[in-house]
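Me: I would like to go through the terms used for this model and see what each one rests on. Please set each value against its cut-off.

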Amino acid sequence: LPEKSFEKWRDITGVTLLERYGMTEIGMALTNPYEPVEARRPRFVGAPFPGVEAAIMDNETSEVHQDLGREGELLIRSPSMFSRYLNRPEATEASFTEDAAGKKWFMTGDYAVQDEENGQYQILGRLSQDIIKKSGYKISALEIESRLHQNDMIRESAVVGLPDEKYGEEIHAFVVLKSAHAAMGSIQAEKELDAYVREHMSSYKIPRVYHFIEALPRNNMGKISKLVLKDQFSS
């Protein structure tokens, strides 16, 4: 959940949302604290439920670890998670990995980090579409979007990595402006957004290209389809 939405909901209702993490294959796995309410943190999904184990896998070395502060693919072990995909042995095999001790883990496909201060997990994005690989860096598109959404000009945005000969991938931001700013020229809007982002983010995370569009493409579930954006603008 974007931090701005988290804070806005609390301002309007007086209720602090309880964020959790789960999937069809694993059920509910991670949760922010139920109590105290003050311990719930925006952009974090908490720690494992009782009986659930979580770990991080380095996608370069396939090392499975539980070291604080290291990023990688989120892994889950739980007695309540699924055992296989029906009649899809290849997909089942590709979805699990083993650690050095022979423990079997489900590979969620989400890129995450375990906080160094309290051990809570933060989801940085889907490996397939939210992690941008630029010049050796792995950059979270969700982090950039969260910062963009703090700007009052923006109604919504989607950040993706598109192929680039020099950097491998380059950061592109697709932006829908609020109606009060829709008449602003793209050059002026880009100039203001670029200055805003540079105040708050490291230089290698700054979008190099802005696309100002009327609406973002969505799938049948109403979720923003970044794959459509990649297909349309990669060619």
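This is a predicted model: local features need pLDDT of at least 70, side-chain atom pairs count only at pLDDT 80 or more; totals for chains, interfaces and linings use all residues.

Me: Why is asparagine 32 called buried?

Reply: Buried means under 20% relative accessible area, exposed over 50%, and partly exposed in between, with a 1.4 Å probe and protein chains only. Asparagine 32 has 2% relative accessibility and therefore counts as buried.

Me: Which residues are in contact with asparagine 32, leaving aside its neighbours within four places in sequence?

Reply: Contact means heavy atoms within 4.5 Å. Among the residues in contact with asparagine 32 are Leu18, Glu19, Phe44, Val45 and Gln120. Asparagine 32 itself is in the loop between strand S2 (27-31) and strand S3 (47-48); strands are DSSP runs of E with at least two residues, helices are runs of H or I with at least four, and both are numbered from the N terminus.

Me: What makes S1 and S3 edge strands?

Reply: The open sheet has three strands in the order S1-S2-S3, with antiparallel pairing. Strand S1 (20-23) and S3 each have a single partner strand, so one side of each is left without a neighbour in the sheet.

Me: What is meant by the largest pocket, and what is its volume?

Reply: On a 1 Å grid over the protein atoms alone, a pocket is an open set of points where a 1.4 Å probe fits, with protein on both sides within 12 Å along at least five of seven lines; lining residues have an atom within 4 Å of a point. The volume, the space filled by probe spheres set on the points, is about 1,100 Å³ for the largest pocket. Of its 29 lining residues, those closest to the centre include Gly125 and Arg126. S9 gives the most to this lining, with five residues.

Me: Which element supplies the largest share of the lining of the second largest pocket?

Reply: S12 does, with four residues. The second largest pocket holds about 320 Å³ of space.

Conventions: Residues are numbered from 1 along each chain as its sequence is written. Side-chain values use heavy atoms; hydrogens and water are left out. Two strands pair if DSSP finds at least two bridges between them.
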